[in-house]
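Have the structure open as you read.

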Amino acid sequence: MTNQEIIAKLPYSKPFLFVDEILQINENGVEGTYTFDGNLDFYKGHFKDNPVTPGVILTEVMAQIGLVCLGIFLLDDSFSTTTSIALTSTEIEFLKPVFPKEKVTVISEKVYFRFGKLKCKVIMKNEKGEEVCTGIIAGMIISK
Amino acid sequence: MNKEQTIEELKNIVKPYIQNQEAFDVLTEDTDFINDLKINSANLVDVILDIEEKYDIVIDNEAMERMINVKAAMEIIENKLSEKNS
């Protein structure tokens with residue numbers, strides 16, 4: 001499966017697709033990027049006249065690249081439109097703010113994929129290469 | 001395998017994942033991981049991985065599906081340990 005095919009299989013669309021590019025992917029992990037569109041709706045209110053990317057959105061970017069892209073790659077042919085995906089836990093530290101138009105890189109390392117549960121150690125970096133958030137994310141990805 | 005000791009070991013394994021302290025305090029062989037202890041299905045995977053590590057055994061999908069309560073967990077551990085030592 002090519003990186004483009006993985007992105008095409010993601011069950012998200014605008015304005016909630018937070019993956020631009022997969023740089024590399026293998027059975028042990030994934031690295032991908034996303035650039036925050038300055039017109040995203042939440043910037044109007046978070047915060048008033050001072051747009052900063054909300055932590056929940058950073059978490060979502062980490063989960064979409066670090067967990068869902070990797071999950072689709074790992075399931076390979078058994079991934080389909082009937083596959084259930086759910087986020088089950090997050091434990092994340094937020095170290096630096098991320099502003100509109102910033103490009104971030106997510107690096108995810110698989111801890112395990114057993115019984116449908118994928119757990120990863122995930123780091124997000126900004127364009128300067130600084131860590132902006134880091135943590136552990138887990139989800140269930142089950143093909144019926 | 002000593003039954004009381006195994007129950008005690010299993011209690012230590014499930015402790016971080018339980019959502020019902022009262023059921024945990026009176027845990028017996030018949031205690032159900034999901035219905036009594038309210039362990040969610042994602043955390044049940046961690047319980048099983050912790051059991052694998054503690055007893056140095058490998059639990060397959062079929063055993064995972066049967067592992068619904070303390071009694072079933074003890075049986076599976078015992079079977080896997082005897083398979084390993086035979």
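A residue counts as buried if 20 or more other C-beta atoms lie within 10 Å of its own, exposed if 12 or fewer do, and partly exposed in between, with C-beta atoms placed from the backbone. Please keep in mind that this is a predicted model, in which local features need pLDDT of at least 70 and side-chain atom pairs count only at pLDDT 80 or more, while totals for chains, interfaces and linings use all residues. Residues are numbered from 1 along each chain as its sequence is written, and chains are lettered from A and ligands numbered from 1 in the order in which they are written.

Chain B holds 5 helices and 0 strands; helices (H or I, at least four residues) and strands (E, at least two) are DSSP runs, numbered from the N terminus. The C-alpha trace of chain B spans about 40 × 25 × 20 Å along its principal axes. Of the 86 residues in chain B, 22% are buried.

Now turn to α5 of chain B, residues 70-85. This helix has 16 residues and reaches 23 Å from its first C-alpha to its last, close to the 22 Å expected (1.5 Å times one less than the number of residues). Its buried residues are Val70(B), Ala73(B), Ile76(B) and Ile77(B). Seen down the axis of α5(B), they fall within an arc of 125°, so they line one face of the helix; the arc is that of the directions from the helix axis to the C-beta atoms. An α-helix has 3.6 residues a turn, so residues three or four places apart point the same way. On the other side of α5(B), Asn79(B), Ser82(B) and Glu83(B) are exposed.
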